[in-house]
Amino acid sequence: IIQGSREALRRFIETSHEDDDFFLIGFNNRAKLIQDFTTSPDQVLGRLVLVKPGGMTALYDAVYLGVEKVQQGRHQRRALLIISDGEENSSRYSEGELRRLMKEAGVQVYAIKIGGPWSYGTNVLSSLAELTGGRSFVPFYDHGLSMLDICTRIALELRHQYSIGFYPTDARAPVASHRVQVKITAPKGLGRLSLTYKDRYASFNQEAVKPAR
């Protein structure tokens, strides 16, 4: 698994923009920053040998640390790639705490589920990715794609995404968030298209949703 992840990460980094920054977090019973921000693929891949699978799994702590870390990056567009079996049994942070952070972080999450689709972990990773407008994949079970194929696809998606801005019609309404729906009309002959996007954004009108004292 580690060797396959190493090759997939190399493909992901090589397909990304040359000015992109990367960091690496490893986790078993606890999450740890293994490689700080770098533009060097060799630095990231060289540190991957320090990732030792086994024992308990602090998935939520690792994603929480990853989201906080990527927010410190110098680029406006930020993404987090998770490669995991999706199991969770050792985190200090709860799922609710993690989801609250992710809702407002502006970090797009992609996940690759290793070990096949037959576990609760598949739903965990899918839920976290969809919350941020990202996607999750299971190698060989999603259209027969290998981990290398998936990492290539994710890197290309991140390089070719559209950014759409909007102003809510009820900007002053006392709500904590606004739901967004995006629709596309495919040109004739292009076939069926699918959309992946974050469908809820925090309200800027925070004063309106504070509890009365």
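Q: Why does Tyr 141 count as partly exposed?
A: Its relative accessibility is 47%. Buried means under 20% relative accessible area, exposed over 50%, and partly exposed in between (1.4 Å probe, protein chains only); Tyr 141, at 47%, therefore counts as partly exposed. The structure is a predicted model, in which local features need pLDDT of at least 70 and side-chain atom pairs pLDDT 80 or more, while totals for chains, interfaces and linings use all residues. Residues are numbered from 1 along each chain as its sequence is written, and side-chain values use heavy atoms, with hydrogens and water left out.

Q: What makes Trp 118 exposed?
A: The relative accessible area of Trp 118 is 66%, which is over 50% and therefore in the exposed class.

Q: How many aromatic pairs are counted, by the rule that ring centres of Phe, Tyr or Trp (its six-membered ring) lie within 6.5 Å?
A: The count comes to 4 aromatic pairs. One of them joins Phe 12 and Phe 22, with 6.2 Å from centre to centre and 75° between the planes. Planes under 30 degrees apart are stacked, over 60 edge-to-face and the rest tilted, so this pair is edge-to-face. Phe 12 lies in helix H1 (residues 2-15) and Phe 22 in strand E1 (residues 22-27), 10 residues apart; helices (H or I, at least four residues) and strands (E, at least two) are DSSP runs, numbered from the N terminus.

Q: Why is Phe 12 called buried, and why is Phe 22?
A: Phe 12 has 10% relative accessibility and Phe 22 has a relative accessible area of 11%. Both values are under 20%, so both residues are buried.

Q: Why is the pair of Trp 118 and Tyr 141 called edge-to-face?
A: The ring centres are 5.0 Å apart and the planes stand at 85°, so the pair is edge-to-face. Trp 118 is in the loop between strand E4 (108-113) and helix H5 (120-131), and Tyr 141 in the loop between strand E5 (136-137) and helix H6 (147-159), so the pair ties together parts 23 residues apart in sequence.

Q: What makes helix H3 roughly parallel to helix H4?
A: The axes of H3 (residues 59-70) and H4 (residues 95-105) come within 10 Å and cross at roughly 20°. Axes are lines fitted to C-alpha atoms over the stretch in contact, with angles from 0 to 180 degrees between N-to-C directions. Angles under 35 degrees count as roughly parallel, over 145 as roughly antiparallel, 65 to 115 as roughly perpendicular and the rest as oblique, so H3 is roughly parallel to H4.

Q: Which residues of H3 make the contact (heavy atoms within 4.5 Å) with H4?
A: Tyr 60, Val 63, Tyr 64, Val 67 and Glu 68 of H3 take part.

Key: Contact means heavy atoms within 4.5 Å.
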